[in-house]
Amino acid sequence: MFKDDDKQNEGENVDREGTAPPRQGLRRVMLFSFFVVPFCIAALGVALFTGVCMLTMDAPSISSLLDDVRHGYSNKRWQAAYQLVALLDTSPPVRLSEDDVARFKDTFAEADPNTDQEIRQYLALAMGCTRNSAFAPLLLNALATEPEVSKPFIVRSLGRLGDPAAAPMLATYLGDETPSVRLESVIALGALGVPESVGALQLALEDSEPNIQWDAAIALAKLGDGAGQPTLLALLDRAYLATFPEIDPSETNRILGVAIQAGALLNDPALERAIAQLASSDSNMTVRQIASETIKYRKVVANQNLPISLEGQGI
């Protein structure tokens, strides 16, 4: 009796053992077929759709960004103003329609100088990127009432707009209490190239900030005035620049390159010897190349202005 029961149980066990694997395999097949595969296909489709959208998505327009600055929530407003700078900072500059110019002016005027400082700073920079002198009167008027922290941005843009009418007012800011305002004023006057600015720039050679003295010498050289010759000679000397530990090697090479081009604008034997020395024996290959090409350039075209600026110099 017990033997028969054991045989029966053994048969049941064999049956269970023989049928269990097919049931589990069927479950795995059903799970893979009806859940995993469709999920993978859907995920792939979403990824492809996202990629196509990103590739075909149009860049925001000037009008839409100005709308975001005027009507967006707080974070979106300053982000849109920043995007305008990135969109317009091109060479050659973007040509704005009359409607865009008017909308730009209205957007800047609507932004509060005190509570929307960052937005107005970015808008001022964006206007400067356009090189459109139609913005100059608006920015000149803003200088009188703008908070001190925002003035450097407006001054920089006035220099980029290229309106000579801005020079007299910019010259008055060479005596401003804030060094960054004085520095941007010097650079802007050098960019505008108005001869009447020479006297004010010569006074800037005595500024308490070395980098302002440097940019004043460069601005004067661009105007054909040699009053900054001693300063330019110093800038062509690595030993002098090494006395400023905050200037790293790459910045030193950049300053040397700008000083070479500025010095080449003046028919000064001492500057020419210093440039020739850099061309033959400077430790940096890029500096040697700039000096050599500048010497060759002077031989071909004498007394031609070169696009020079120490803009962005910070020490």
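I looked up helix 3 (residues 74-88) and helix 5 (residues 117-129) and found them packed at an angle of about 15°, with axes 8 Å apart. The model is predicted; I took local features at pLDDT of at least 70 and side-chain atom pairs only at pLDDT 80 or more, while totals for chains, interfaces and linings use all residues. I numbered residues from 1 along each chain as its sequence is written, and side-chain values use heavy atoms, with hydrogens and water left out.

Terms: helices are DSSP runs (H or I, at least four residues), numbered from the N terminus. Axes are lines fitted to C-alpha atoms over the stretch in contact, with angles from 0 to 180 degrees between N-to-C directions.

Helix 3 and helix 5 are therefore roughly parallel (angle under 35 degrees). I noted their crossing as left-handed (the near helix is turned anticlockwise from the far one by less than a right angle).

I listed the contacts (heavy atoms within 4.5 Å). From helix 3, Arg77, Trp78, Ala81, Tyr82, Leu84, Val85 and Leu88 meet Glu118, Ile119, Tyr122, Leu123, Leu125, Ala126 and Cys129 of helix 5. I sorted this contact into 12 nonpolar, no polar and two charged residues (nonpolar: Ala, Val, Leu, Ile, Met, Phe, Trp, Tyr, Cys and Pro; charged: Asp, Glu, Lys and Arg; polar: the others, Gly among them).

Next I checked helix 4 (residues 98-110), which packs on helix 5 at about 155°, with axes 10 Å apart. That makes helix 4 roughly antiparallel to helix 5 (over 145 degrees). Their crossing is left-handed. Phe104, Thr107, Phe108 and Ala109 in helix 4 meet Arg120, Leu123, Ala124, Ala126 and Met127 in helix 5. I counted seven nonpolar, one polar and one charged residue in this contact.

Methods. Helices (H or I, at least four residues) and strands (E, at least two) are DSSP runs, numbered from the N terminus. Angles under 35 degrees count as roughly parallel, over 145 as roughly antiparallel, 65 to 115 as roughly perpendicular and the rest as oblique.
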